[in-house]
Amino acid sequence: MGPDNKIPARIGRLWELANDLSWTWNPAAPAVFRAIDPPLWRRTRHNPVALLRTVGDERLHSLAEDAVFLRRYDAALDAWRDAADAGHAPGTGTAGHGGDNGVDAAPTWFEARYPRLRTGPVAYFCAEFALHESIPIYSGGLGVLAGDHLKAASELDVPLVGVGLMYAHGYFDQTLGPDGWQEDADDPLDPDLTPLERVRGADGLPRLASIRGGGRRIHIGAWRLRVGRVSLYLLDTDLEENDPADRGLSHQLYAGGADHRLRQEAILGVGGVRVLSALGIDPGAWHANEGHAAFMMVERVRRLMRDGQSFADAVSRVRASTVFTTHTPVSAGHDVFSHAQMREWIGETFWEEFPHRDELLGLGLHPDDEAQDRFHMTAAAIRLSRRVNGVSARHGRVSREIWRGLWEGRSAAEVPIRHVTNGVHLATWMSDDVAGLLDEWLPAGWRCGPGDEAMWRAVRDVPAEALWRVRRQLKLRLLDLMRDEARRRWPDHWPESAHLAGAGTLMGPEPLTIGFARRFATYKRADLIFRDRDRLLALLSDPARPVQLIFAGKAHPRDDDGKRVLQGVYEHTRDPAFEGRVAFLENYGLHTAHGLVEGVDLWLNLPRVPLEASGTSGMKAALNGVPQLATADGWWEEGFEGDNGWIIPPAPATASEEEVDEHDAGHLFRLLEEEIIPPYYDRPGAGSGDDAPAGWLARARRAIEVAGARFTASRMVRDYARDYYVPSLRGDA
């Protein structure tokens, strides 16, 4: 329940606006919430639900009579209403048929392109979704990608419903000890401070479906999130009807051992199918975003066999309507469970009315696994999907090579795995400052339309001085954010004052600022730049052309190797030789991610090729005029144009891992010394009020142009709709 009783009628729809996450890309809405109470807006980390629950009644009543605020409020409502009427009311999750005001609206992108397609929605299953900082049910790139996918689907009116898990204890809250070792604590989620809405069945109770596992029946409930036109259902086992051991199954993302993970994935896949059925949602197509959701396909096979179809026919029907996206070439990213685990923990779920146990287990066999008694989730997902894709052109090639064994006798080139390169949600990740500048130079409506490369060429006309002013403002805002975070964590988490310097409180706006923020896995090589300490020290401490580094990110709680890399990076923040020019921003999340991708000058991405499937952080930075320096992996292999950033050339194919690291580090320093730092400080007009580095800003403009034209979530979802969803909805062969 919301605080509706304390919100005056004149501004009575504030609560509705706050509880539809489309406010996050409604350009007028954040200004409305900020104006209610700017300090409180900052303290709640831009959470309008928490803001409205906390702000005083007197303030709300004064705003209801404030003409300036009312103009902002009406503009935000108009934008929200316009988006809803471009198809249907927000949150309904089906293809539009006119607005809720009885007036026929202009067709949405999806309606205009596929006017006669009338079918159930696409059910989009993923283990994590990143939609807002206040809903910490994500760990990193996969969740951010899934959240951006829902937002773009809403904008385009692609009929889609999301299915995930409700992690009441979040992922984890990260703190670093005095020695830099990552310490993990729960990051609990309070539903009352989020737009989560409990879903109830026809009997009024929260239980909607159940599965069997470990000798018990596990009841499943759901929470709903409105994401514009898309609904996301988050499954929950923390119900009174459940055994205490089962209530915590959905508490935390990627927690526990393999048995716990297996049951979580059964809840997501099997429970998700059953909850949608209980809600009367009949999908026309199904999309599993990574192998965690493979049991969704197995459950659909079981249900068809229950209804009398043969195993072969059931598999064929499931394949025809299923899309599967694989996200990683790293073996640890693919879940594998023993047949013994399958029998013990979820066998009852599948083997009710499922006599073909060997055939079921065979779906998950990998031909290269000598044991032949393990269930590979990705292998099962590939076998049960007609349309399979990687997430960049390079990753598509790598995936065809990795999974060629599932197609005996075929060469890698003949393996039917394609690719859809990832993209990021423009309205979420492009700062208001940059978007406001582009409003002056791009055609009207550029924020809403799909756009094209011809339109985005207009970015080249943006004056260098104007872009430089915006870039400096964004850097100042990042430095303010870092000081705010330091103030937030200092009293309770940091026993030593050295933490303050390591948090970047000594950093200033003048040095070239390099950002590196991502999950701390060893292959991402956050520590590569420290390989030559003396060379780095010379760069950081050059009085004429100084440089500073900001790092952020979490290691997986069970990845001690990743934690050691993080610890090594953190040690450099306490090295007095670097004079406070290396910082680590703790507890990286969506809120701090915005500050980093907007505020740094250069984005650094150093994965060991070819282990980065796509990577999207560089796309977010590019939308804000931040060029990237990266290895030729993931999206950057196809996104690098020569003048929108810098690329580290591939090492020789025969090089050892150590030789690759040496090669890449050498090119990293050479590029910084010769091609990156000099143009940043090439400012002929310094001292005249016009100190914009023209060469650097030409590259920054090209970064915006290329990312806007080719690497947005709108382009990505349009690709999925055209090549994957519509053929699946139509039942095309």
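**Entry 1: a loop residue**

I began with Thr616, which sits in the loop between strand 18 (602-605) and helix 25 (617-623). A reminder to myself before going on: this is a predicted model.

Is Thr616 buried or exposed? I looked up its relative accessibility and found 10%, so Thr616 counts as buried, since buried means under 20%. Next I asked which residues Thr616 is in contact with, leaving aside its neighbours within four places in sequence. I found Asn422 and Val424.

**Entry 2: helix 16**

I moved on to helix 16, residues 393-402. Its buried residues are Ala393, His395, Gly396, Val398, Ser399 and Arg400. I noted that His395 and Arg400 are on that list along with Ala393 and Val398.

What covers the buried residues of helix 16? I wrote down strand 13 (387-390), strand 14 (417-419) and helix 26 (634-639), which are included in the cover.

**Entry 3: the nonpolar cores**

I kept a general point in mind here: in soluble globular proteins, nonpolar side chains tend to be buried together.

I looked up the largest nonpolar core and found 137 residues in it. Phe33, Ile36, Phe125 and Phe295 have the most contacts inside this core. Helix 29 (residues 713-730) gives the core its largest share, nine residues.

Not counting residues up to four places away in sequence, Ile36 touches Leu14, Leu51, Leu52, Val55, Arg59, Leu60, Leu63 and Phe69. I was pleased to spot Arg59 among the partners of Ile36.

There is also a second, separate core, with 97 residues. Among its members I listed Trp456, Ala552, Phe584 and Leu671.

**Entry 4: stepping back to the whole chain**

How many helices and strands does the protein chain have? I found 29 helices and 20 strands.

For overall dimensions, I noted that the C-alpha atoms fill a box of roughly 80 × 70 × 55 Å along the principal axes. I then checked the radius of gyration, which is 25 Å. A compact globule of 733 residues would have one near 27 Å, so the value for this chain agrees.

Buried residues make up 61% of the 733 residues. Of the contacts with a separation of 6 or more, 73% come from residues 24 or more positions apart.

**Entry 5: surface and charge**

The accessible surface comes to about 27200 Å², and carbon and sulfur atoms account for 49% of it. Last, I looked up the charges: 85 are positive and 106 negative. Their mean positions are 3 Å apart.

Notes:
Residues are numbered from 1 along each chain as its sequence is written. Side-chain values use heavy atoms; hydrogens and water are left out. Helices (H or I, at least four residues) and strands (E, at least two) are DSSP runs, numbered from the N terminus. The radius of gyration is taken over C-alpha atoms; the globule rule is 2.2 Å times the number of residues to the power 0.38. Buried means under 20% relative accessible area, exposed over 50%, partly exposed in between (1.4 Å probe, protein chains only). Contact means heavy atoms within 4.5 Å. Accessible areas come from the Shrake-Rupley method with a 1.4 Å probe; for residues, only the protein chains shown count as cover. Lys and Arg count as positive and Asp and Glu as negative; His and the chain ends are not counted. The place of a charge is taken as NZ of Lys, CZ of Arg, CG of Asp or CD of Glu. A nonpolar core is a set of buried Ala, Val, Leu, Ile, Met, Phe, Trp, Tyr and Cys residues joined through side-chain atoms within 4.5 Å.
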